[in-house]
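Welcome, and please take a look at the sequence and the model below. We will then walk through a few of the packing details together.

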Amino acid sequence: MNRLLGLLANWSERILSAAPESMQQQARQKAGRLLRLVGGNPNATPAIPVPPRRQESGQTLHQGTAVEEAIKRGQQWLLSRQAEPGYWVHELEADTTLTSEYLMLRRFLGLVDKEKERKAVRYLIDAQLPAGGWPIYYGGPPEISASVKAYFALKLSGISAAEPFMQKARAVILSKGGAVGTNVFTKIALALFDQYDWRGIPSMPTELALVRPNGVFSLYDLSYWSRAALTPLLIIFNFKPACRIPEEEGINELWCMPREQMDFRHAPPFLKDRRWFTWRNFFITLDGILRVYERVVPEGLRKKAVASAAKWMVERMGGEGGLGAIYPAMANSVVALRCLGYGVDHSLVRKALGEIVALEVHDGDLLHLQPCFSPVWDTPLTMNALIESGLPPDHPDLLRAARWVFTRQCRKVGDWIVSSPKAEPGGWYFQFENECYPDNDDTAVVVIALSKLIMPETDAQLDVMRRGIRWTLAMQGSDGGWGAYDKDNHKMFLNQIPFADHKALLDPSTADLTGRELEMLGVLGYDLTHPAAVRAIRFLRKNQEADGSWFGRWGVNYVYGTWSVLAGLKAIGEDMQAEYVRRAVVWLVSKQNSDGGWGESCLSYAEADAHGEGESTPSQTAWALLGLLCAGEVETISVVRGVNHLIRHQDPQGFWPERMHTGTGFPRVLYLRYHGYSHFFSLWALSMYRSLKSRGRTRADEIREQNRQSGQFRLA
């Protein structure tokens, strides 16, 4: 019977995969309706209890040796890519925006490199959609800001507007509102070349750099990434520099009306809401007042403000990763230094430019830029996957990775001290170096990985772990959740200021990070009685979506968020048969595609109907499987089909190809393709499945129980 059920699952999957797309879509919709009916969807009948899950065979033609072989290949592929110092780092790919900005930056500085320009131009042309514009994620529609930047960068590089592909791009851009329809950051980039009017950009007085924290508003009320990018912009806004270019390289043709006739106060981002009083209307009115202030501000006060902003910026450029270790802030800092009179040959400018150049990715005859590096994220995630796949906890490669991770721990106070003054240094950052900005997600994942190792240097292991645990627990928000870089960074009304048209100015608590913190607490040996866990679960239950899923802030999207929460709940000892947990399970199962995998488009951040919907990807399939396995769904057909999907899509070298963007920088603005996600998450999911099938528990379960009994990682 078990073999028969497995065969039926496999055959039905193959038949559906070969069917026309319209038939596949109908099948998915019918399956979704059936699952919602039996699962007690809260949107339909919230009071109906979720029925017990139905167990099916986990044995199919793809099982057994196929799983073992896939795990072995995946192990070998990852181990072969470990760097000599011990870390793993994979490319972090965004969209064409950064490459366009890089060409613009080099032109602004007078440092054009013709060979690099040629390769970057080739990349931009190749990335253009057939319709004419440029998207911000694979498979997405043309996006106005990315398209304008690419078009302008190409013109700066000598491409004629008469080229057929440029004409198509122009038509798309004009249909979306032209240059006026772009976001604020694009308008600032254009203004640096006198291609947009500073009057059309929200006012940001440099005196903001003088405002002390803990008042009504200061720069510390913004997220780390906003603070790091905005502070150099305050300097730029004061000087309003302009790189003059020939008229034929400009973009007058991207204005829907002559620029000189434009009334910027009645164009984005200054369009008011219809209601009389909203935060948006208040801030637009305030912007008008600030423009008057800009004309009368005392010269001495302005000089003091510029000096304060410069001091803040330069102090945070001392490390090897650049300001904030992320491209937008790094690029803004270089322009700000030039405004302050630093020459392009100055050591600080050369250092900053070198850190940007390091982000170049050369792919044959193409060049593009990645936003930053991700070694402190890739490394512990890879360690966790390899441990679950069977590597012993004292494996030399794992110990080498751990020792490298030790060197990346923050030992000095960063900006986080403002929101959490009682915290002590001990977190980990995302990049090779970003000492001022550790984050809770990286810290939790590092601690989880280190807790699974047996190291000769036990005292050092305990010391770094306890530092990290203390720091991240001190960062728990008053709402019970965790944000990424700061505590209680949740003045959400600030997202209504005209400057924040990307709606990503802040860093509030999120479900995915909170789930990770619960997982950390659980693997250390804590349980549901820990005060932080009590508050965290309360936060998660309050923020669960009506359909049972959880929002994913840092990964796309509800599949990512739901896995993160289920993993945390399992680790901390929650009853995985609880009604709210089963609703999450039903939601995940209902989103499985006909090919056995899971996928979710970046469109899900903009449209409710797209939640959990999209082309199957290895990383999102792995997240769904990890979530289901944490919830006890080992012997179900849904899990079997997901496992088969991963096995079928692994190549002979142990690599899982993936082209979609499944990571999130800023929802609706910046999406990321982590080139390592499809590998270590797929290996992790297959390994977890094998452990549960063969032993009834995962290696993580065994280690968690050992830690609980020994108590060695608990804080005194």
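Which residues does L569 touch, not counting residues up to four places away in sequence? They are L518, I537, L540, W550, E574, M576, Y580 and V581, where contact means heavy atoms within 4.5 Å.

A word on what you are viewing: this is a predicted model, in which local features need pLDDT of at least 70 and side-chain atom pairs count only at pLDDT 80 or more, while totals for chains, interfaces and linings use all residues. Residues are numbered from 1 along each chain as its sequence is written, and side-chain values use heavy atoms, with hydrogens and water left out.

L569 also belongs to the largest nonpolar core, which has 214 residues; together with F499 and F681 it touches the most other members. Such a core is a set of buried Ala, Val, Leu, Ile, Met, Phe, Trp, Tyr and Cys residues joined through side-chain atoms within 4.5 Å, buried being under 20% relative accessible area (1.4 Å probe, protein chains only). Helix 24 (residues 677–695) gives the largest share of this core, 10 residues. Another core, of seven residues, lies apart from it and includes I136, A146, C602 and Y671.

Now to two helix pairs. Helices are DSSP runs (H or I, at least four residues), numbered from the N terminus. Axes are lines fitted to C-alpha atoms over the stretch in contact, and angles run from 0 to 180 degrees between N-to-C directions.

| Helix pair | Angle | Axes |
|---|---|---|
| Helix 21 (residues 579–590) and helix 22 (residues 618–630) | about 145° | 10 Å apart |
| Helix 16 (residues 440–450) and helix 18 (residues 511–523) | roughly 25° | within 9 Å |

Helix 16 is therefore roughly parallel to helix 18, a term for angles under 35 degrees. In the other pair, V585, L588 and V589 of helix 21 meet A624, G627 and L628 of helix 22.

Technical notes
Buried means under 20% relative accessible area, exposed over 50%, partly exposed in between (1.4 Å probe, protein chains only). Angles under 35 degrees count as roughly parallel, over 145 as roughly antiparallel, 65 to 115 as roughly perpendicular and the rest as oblique.
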